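Good morning. I have one structure to go through, and I will take it residue by residue. Please look at the screen.

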Amino acid sequence: MASENHFQLFGLPLRYAVDDAALEQTWRALAARVHPDRYATASAVERRVAMEWASNINEAYRILKSPLNRARYLCELSGCDIQAESNTSVDSEFLMLQIMLREQLDEAREQGRPDLLEALAGEIAQARETMMQEMAQLIDEQHNFEQASKKVREWMFVEKLSQEVQASLNDHLY
């Protein structure tokens with residue numbers, strides 16, 4: 001089962017667009033091969049190796065299953081460091097969008113308006129769809145990993161905001 005990267009492990013082409021059904025099917029097959037029950041009577045070394053493989057397979061699956069994590073992984077494989085913690089530069093248009101979305105979230109929270117939170121969640125879902133389309137274009141069609149890295153950083157902001165919106169919505173439900 002040796003592989004150089006997650007795509008090879010799953011027998012998938014090195015592309016942003018993945019066949020979700022093939023990914024799921026391969027993950028199940030690989031996970032079954034190294035499941036701890038199959039190694040219950042094996043030596044301690046064999047059990048440890050099987051557990052390490054299971055961990056590697058699950059981590060690879062987690063990364064490939066998530067569109068954002070997959071984009072980040074592809075950028076890193078291409079040699080583009082995302083620099084998420086140190087590089088916070090974004091273009092002015094995205095910065096304005098960030099400010100607008102933050103203001104909408106603050107307003108919805110202050111007014112206790114779940115309907116505004118729902119509307120914001122819808123905008124974020126649309127932004128996520130746009131990001132996925134842009135990634136497919138930047139990575140699979142243009143092979144522009146430098147630009148894709150910038151978009152990954154923007155997408156990470158969108159995901160963080162989405163979590164905050166969901167948390168606020170959950171607060172209103174309970």
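Leaving aside its neighbours within four places in sequence, which residues is glutamate 154 in contact with? They are Val90, Asp91, Phe94 and Met131. Before I go on, note that this is a predicted model.

Glutamate 154 lies in helix 7, which covers residues 145-173. Is glutamate 154 buried or exposed? Its relative accessibility is 5%, so it counts as buried, because buried means under 20%.

Next, asparagine 69. This residue belongs to helix 4, residues 67-77. Its relative accessible area is 25%, so asparagine 69 is partly exposed. With neighbours within four places in sequence left aside, asparagine 69 is in contact with Arg62 and Ile63. In sequence, asparagine 69 and methionine 156 are 87 residues apart. In space, their separation is 9.5 Å, C-alpha to C-alpha.

Now the nonpolar core. In soluble globular proteins, nonpolar side chains tend to be buried together. Here, how many residues does the largest nonpolar core have? It has 44. The residues with the most contacts inside this core are Phe10, Met135, Ile139, Trp155, Val158 and Val165. Helix 1 (6-9), helix 2 (20-33), helix 3 (44-65), helix 4, helix 5 (92-111), helix 6 (114-141) and helix 7 each supply at least two of its residues.

Take isoleucine 139 from that list. Not counting residues up to four places away in sequence, what does isoleucine 139 touch? The answer is Tyr16, Ala71, Leu74, Phe145 and Ala148.

That is where I stop.

Definitions and conventions:
Residues numbered from 1 in each chain as written. Predicted model: local features only at pLDDT ≥ 70, side-chain atom pairs only at ≥ 80, totals over all residues. Heavy atoms only, no water. Helix = DSSP H or I, 4+ residues; strand = E, 2+ residues; numbered from the N terminus. Buried < 20%, exposed > 50% of the residue type's maximum accessible area, 1.4 Å probe, protein only. Contact = heavy atoms within 4.5 Å. Core = buried A, V, L, I, M, F, W, Y, C linked by side-chain atoms within 4.5 Å.
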